Amino acid sequence: MNENEILYILSEIFEEIKDDPIDTMGITCETLLRDDLEIDSLQTAELLVEIEERLDVTIMDEEAPRLRTVGDVVELIRQKKPKRRTED
């Protein structure tokens, strides 16, 4: 998955978790989660859950505080390998 694909998915998630409309076209890797997008701690938790579900990755709780920019999130996703699904 390349950076543009991840940014597109993240933009969709940001639209869903934000209470107010945002300009997703202006989101870049330099966009700050808290200052630019005004993502609070609850929305950060929602963001991480959505990423895990949509992209089939696991994000550890201790990784969340390091996520300051959209680029940090993109890089974390790119480093993760999809979880293997087991057949029940």
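1. A residue counts as buried when its relative accessible area is under 20%, and as exposed when that area is over 50%. Asp56 has a relative accessible area of 16%, so Asp56 is buried. The model is a predicted one, and the points below should be read with that in mind.

2. Asp56 sits in the loop between α2 and α3. Its phi is near 55°, a positive value in a residue other than glycine. Most residues other than glycine have a negative phi. Glu38 also has a positive phi, of about 55°, and is not a glycine. Glu38 belongs to the loop between α1 and α2. Is Glu38 buried or exposed? Its relative accessible area is 55%, so Glu38 is exposed.

3. Helix α1 covers residues 3–17, and its axis comes within 10 Å of the axis of α2, with a crossing angle of roughly 135°. That angle makes α1 oblique to α2. The crossing is right-handed. By class, the contact between α1 and α2 has eight nonpolar, one polar and five charged residues.

4. Which residues form this contact? From α1 they are Ile9, Leu10, Glu12, Ile13, Phe14, Glu16 and Ile17. These meet Gln43, Glu46, Leu47, Glu50, Ile51, Arg54 and Leu55 of α2. As a general point, an α-helix has 3.6 residues a turn, so residues three or four places apart point the same way.

5. Gln43 lies in helix α2, which spans residues 41–55. Its relative accessibility is 5%, so Gln43 counts as buried. The Gln43 side chain reaches the backbone oxygen of Ile17 at 3.2 Å. Leaving aside residues up to four places away in sequence, Gln43 touches Ile17, Lys18, Asp19 and Glu38.

6. Beyond residues up to four places away in sequence, Phe14 touches Ile22, Ile27, Leu33, Leu37, Ile39, Leu47 and Val70. Phe14 and Gln43 are 29 residues apart along the chain, and their C-alpha atoms are separated by 8.8 Å.

7. Thr24 is in the loop between α1 and α2. At 17% relative accessibility, Thr24 is under the 20% cut-off and so counts as buried. Its contacts, not counting residues up to four places away in sequence, are Ser11 and Glu15.

8. Helix α3 runs over residues 70–79, and its buried residues are Val70, Gly71, Val73, Val74, Leu76 and Ile77. What do these residues pack against? The buried residues of α3 pack against α1 and α2. The N-terminal end of α3 is capped by Thr69, where a side-chain oxygen lies 3.3 Å from the backbone nitrogen of Gly71.

9. Val74 of α3 is buried because its relative accessibility is 2%. Val74 touches Glu3, Ile6, Leu7, Leu10 and Cys29, not counting residues up to four places away in sequence. Val74 and Leu7 are 67 residues apart in sequence, and 7.2 Å apart in space from C-alpha to C-alpha.

Key:
Residues numbered from 1 in each chain as written. Predicted model: local features only at pLDDT ≥ 70, side-chain atom pairs only at ≥ 80, totals over all residues. Heavy atoms only, no water. Helix = DSSP H or I, 4+ residues; strand = E, 2+ residues; numbered from the N terminus. Buried < 20%, exposed > 50% of the residue type's maximum accessible area, 1.4 Å probe, protein only. Polar contact = N/O pair within 3.5 Å; in protein donor to acceptor, adjacent residues only side chain to side chain. Contact = heavy atoms within 4.5 Å. Axes fitted to C-alpha atoms, helices over the stretch in contact; angles between N-to-C directions. Parallel < 35°, antiparallel > 145°, perpendicular 65-115°, else oblique. Left-handed = near helix turned anticlockwise from the far one by under 90°. Nonpolar A, V, L, I, M, F, W, Y, C, P; charged D, E, K, R; others polar.
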